[in-house]
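Please keep the sequence and the model side by side while reading the paragraphs that follow.

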Amino acid sequence: MSFATQEDVFGVIETVIPKVFKQNTEWKVDEFVLGYVRFRDLYNFNERIVIKVSDEVSVGNAVINSDGLIGVVSDIKRDNVYVNLLTSKFNVSVIVNDCYGNLNNGVVNMIDKECKVSVGDNVITSGLNDISKGIYIGKVRKVNEDSLGYVLDIDLINNKHLNYVGVIK
């Protein structure tokens with residue numbers, strides 16, 4: 001499979017990016033690399049995918065689809081780029097209503113109890129780690145409490161039907 005012309009790629013980018021970035025106005029198109037899914041293990045379907053990209057990327061780069069963040073580049077071997085999906089067990093710093101928390105395996109924890117969070121609130125990346133600020137992740141499905149603050153169950157973006165993805169450098 002080959003990539004389309006540069007004009008086609010930028011057409012895809014212009015369609016995808018406004019939906020994905022809810023708050024990030026500093027992001028630039030030249031920081032975006034188009035890719036397609038080469039392999040997905042049926043036994044670890046929600047853990048990892050392997051993609052082929054049109055340009056160089058780095059470990060820690062965010063991987064998006066047309067709805068928002070789906071994962072992070074975890075390894076690169078030859079022309080295979082391995083992506084840990086948000087449905088696997090790794091940490092992403094997030095914001096819910098201007099309150100910071102930690103997303104791991106579809107659950108946000110360490111949200112201060114003084115924050116106002118509700119079912120249906122948007123969850124976006126915070127920018128406190130290698131991932132750009134303002135990338136949509138999902139919506140709050142359920143609000144619980146523990147000794148450290150709120151624990152939020154998140155309806156993550158559907159990553160079941162992935163073909164083309166973008167990598168944010």
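**A disulfide and its strands**

Cys 115 has a relative accessible area of 13% and is therefore buried, a word that here means under 20% relative accessible area, with exposed meaning over 50% and partly exposed in between (1.4 Å probe, protein chains only). The model is a predicted one, in which local features need pLDDT of at least 70 and side-chain atom pairs count only at pLDDT 80 or more, while totals for chains, interfaces and linings use all residues. Residues are numbered from 1 along each chain as its sequence is written, and side-chain values use heavy atoms, with hydrogens and water left out.

Cys 115 forms a disulfide with Cys 99, the two sulfur atoms lying 2.1 Å apart, where a disulfide is defined as a pair of cysteine sulfur atoms within 2.5 Å. The pair links distant parts of the chain, 16 residues apart, since Cys 99 belongs to strand S7 and Cys 115 to the loop between strand S8 (107-111) and S9; strands are DSSP runs of E with at least two residues, numbered from the N terminus. Cys 99 is also counted as buried, because its relative accessibility is 10%. The torsion about the S-S bond of Cys 99 and Cys 115 is about -105°, so the disulfide is left-handed. By the distance rule, the count is one disulfide.

From Cys 99 the reader can turn to the pairing of S7 (residues 99-104), which runs antiparallel to S6 and is joined to S6 by six bridges; two strands are said to pair if DSSP finds at least two bridges between them. Within this pairing, Ser 93 stands opposite Asn 102 in S7. The hairpin of S6 and S7 has two residues between the strands, and Asn 97 takes a positive phi near 50° there. S6 also pairs with strand S9 (residues 122-125) in the antiparallel sense, over two bridges, and Ile 95 stands opposite Ile 124 in S9. Strand S6 (residues 91-96) is mostly covered, with five of its six residues buried.

A cavity is a set of points, on a 1 Å grid over the protein atoms alone, where a 1.4 Å probe fits but cannot get out, and its lining residues have an atom within 4 Å of a point. Grid points are joined across faces, edges and corners, and a volume is the space filled by probe spheres set on the points. One cavity of 30 Å³ or more is counted by this rule, and the largest cavity holds about 30 Å³ of space. Its lining includes Leu 69, Leu 86, Thr 87 and Asn 159.

How values were computed
1 Å grid on protein atoms, 1.4 Å probe; cavity = no way out; pocket = protein on both sides within 12 Å on 5 of 7 lines; lining within 4 Å. Helix = DSSP H or I, 4+ residues; strand = E, 2+ residues; numbered from the N terminus.
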